[in-house]
Amino acid sequence: MTSRRSFLGGAAAGLAATRSFAAKTDSRVPEVEARIARRDFRDLSKEDLPTPCMVVDLDLFEQNIKKMANHGKTTGINIRPHVKVHKSVDIAKRQIALGAIGLTTATMAESELMSGAGIKGVFWTRQPAGKNNITRAVALAKRDSTFVIVADDPITVDQLEQAAAAAGVKLNVAVDVFAGLTRHGIEAGQPALELAQKVNSSKHMRLAGLMGYSGGASHTKGWENRRKKSQNDIAGLLQTVESCKKSGLPVNFVSGGSTGTYNIDVGSLTELECGSYIFMDTLYRRVGGKSSDTVYEDFGPSLTVMTTVVSKRHPRQCTIDAGNKALLRPTDEAKGMPWITVENQGAEYGILKWKDGDRDLKLGERVELYCSNLDMSTNVYDRYYIARGEKIVDVWPIMGRAGAAQR
């Protein structure tokens with residue numbers, strides 16, 4: 001598995017290979033890459049970076065993660081943040097350092113990456129189905145006794161029991177209960193209770209808790225509407241929790257929630273699977289918060305995609321080097337430039353337009369865009385450039401993608 005050290009060390013190895021090639025071709029190793037490999041960020045600024053690239057405003061980012069951590073401490077709800085948004089060990093370790101009890105993952109690769117980095121309490125919230133997923137889940141559980149998985153089907157429970165018995169390991173399994181999102185979750189009430197009993201009575205599994213994710217609530221516009229949606233969606237989950245407790249089953253946690261419902265689910269859930277709060281995106285910001293119906297202001301937009309103006313031959317518009325491959329969307333917004341609208345143009349090109357004839361952008365100027373969807377956007381980049389103002393102070397690898405944790 002590739003670690004942060006090997007990621008940066010790989011850059012150094014690549015540098016050596018490039019130098020060898022340079023001796024034959026008279027080419028030069030890009031200075032920025034060489035300095036990143038040495039972890040030398042002195043006098044490195046945004047202007048030195050290749051584009052398009054992802055930039056994290058460190059001050060805003062730190063405000064966001066501290067605010068969520070403090071929310072957990074003051075309300076008593078545990079924070080088990082979702083890593084699908086960032087896929088970064090560096091970020092995960094900062095979340096753990098501030099009190100997160102573990103991490104929530106969407107894929108096996110994310111689970112392997114985070115557990116392999118020494119982080120405990122990794123909770124994979126997608127049911128392992130099929131030989132590859134079950135084999136890898138059992139293998140990870142054997143290496144990490146704190147690893148937790150979910151199940152929403154008796155068939156999966158039987159398969160997990162068989163695989164765990166063959167491997168000589170005891171699995172931590174939470175029952176995934178339907179909470180309004182039709183992509184997963186066993187029916188609340190008796191079906192969920194019986195599945196929990198089945199897990200608890202098995203020889204090679206222990207019941208870890210219950211989970212119910214109200215995905216439809218997270219982006220419901222208007223805080224009051226979101227509150228009602230969340231409460232309605234998880235009502236069956238909470239009833240199932242009570243049934244399990246009355247039946248004498250251990251319910252160590254009740255997991256779910258999101259950034260959109262972080263201040264709604266207190267008192268209902270015991271832990272939050274929030275993720276987007278660290279960066280925020282334009283779509284999340286538009287759902288409104290408790291203090292504003294139009295803008296969700298609880299957490300600041302700390303992540304941007306930085307682009308360069310590469311052509312400027314037409315009035316009141318310019319071409320940038322971020323296009324479809326960079327996940328450009330018309331719902332993206334230009335940082336500090338509310339007068340700009342974003343349009344798609346092609347694989348490697350985007351268009352910025354404005355109506356005010358007195359406004360203008362220069363050829364070669366850098367423009368930072370707030371992306372529309374965090375999960376999708378971070379998945380096409382390999383690193384975050386960490387900035388304080390215009391200065392670059394660190395680089396964090398983006399990993400844990402596709403089938404292998406190091407991709």
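Guide: Buried means under 20% relative accessible area, exposed over 50%, and partly exposed in between, with a 1.4 Å probe and protein chains only. This is a predicted model, in which local features need pLDDT of at least 70 and side-chain atom pairs count only at pLDDT 80 or more, while totals for chains, interfaces and linings use all residues. Residues are numbered from 1 along each chain as its sequence is written, and side-chain values use heavy atoms, with hydrogens and water left out.

Visitor: Why does V309 count as buried?

Guide: V309 lies in strand 10; strands (E, at least two residues) and helices (H or I, at least four) are DSSP runs numbered from the N terminus. V309 counts as buried because its relative accessibility is 2%.

Visitor: How far apart in space are V309 and L352, C-alpha to C-alpha?

Guide: In sequence, V309 and L352 are 43 residues apart. Their C-alpha separation in space is 9.0 Å.

Visitor: Which residue of strand 16 is the bridge partner of D57?

Guide: Strand 1 also pairs with strand 16 (residues 383–388), in the parallel sense and over four bridges. The bridge partner of D57 in strand 16 is A387.

Visitor: In the open sheet of eight strands, what is the strand order?

Guide: The pairing in this sheet is parallel. Its edge strands, each pairing on one side only, are strand 2 (78–79) and strand 3 (103–105). The order is 2-9-8-7-6-5-4-3.

Visitor: What is the volume of the largest pocket?

Guide: A pocket is an open set of points on a 1 Å grid over the protein atoms alone, where a 1.4 Å probe fits, with protein on both sides within 12 Å along at least five of seven lines; lining residues have an atom within 4 Å of a point. Grid points are joined across faces, edges and corners, and a volume is the space filled by probe spheres set on the points. For the largest pocket, the volume is about 570 Å³.

Visitor: Which element gives the largest share of the lining of the largest pocket?

Guide: The largest pocket is lined by 30 residues, with H82, K84, R183, Y213 and D375 nearest its centre. Two elements give two or more residues to the lining, helix 11 (282–285) and helix 12 (374–378). The largest share, three residues, comes from helix 12.

Note on methods: Two strands pair if DSSP finds at least two bridges between them.
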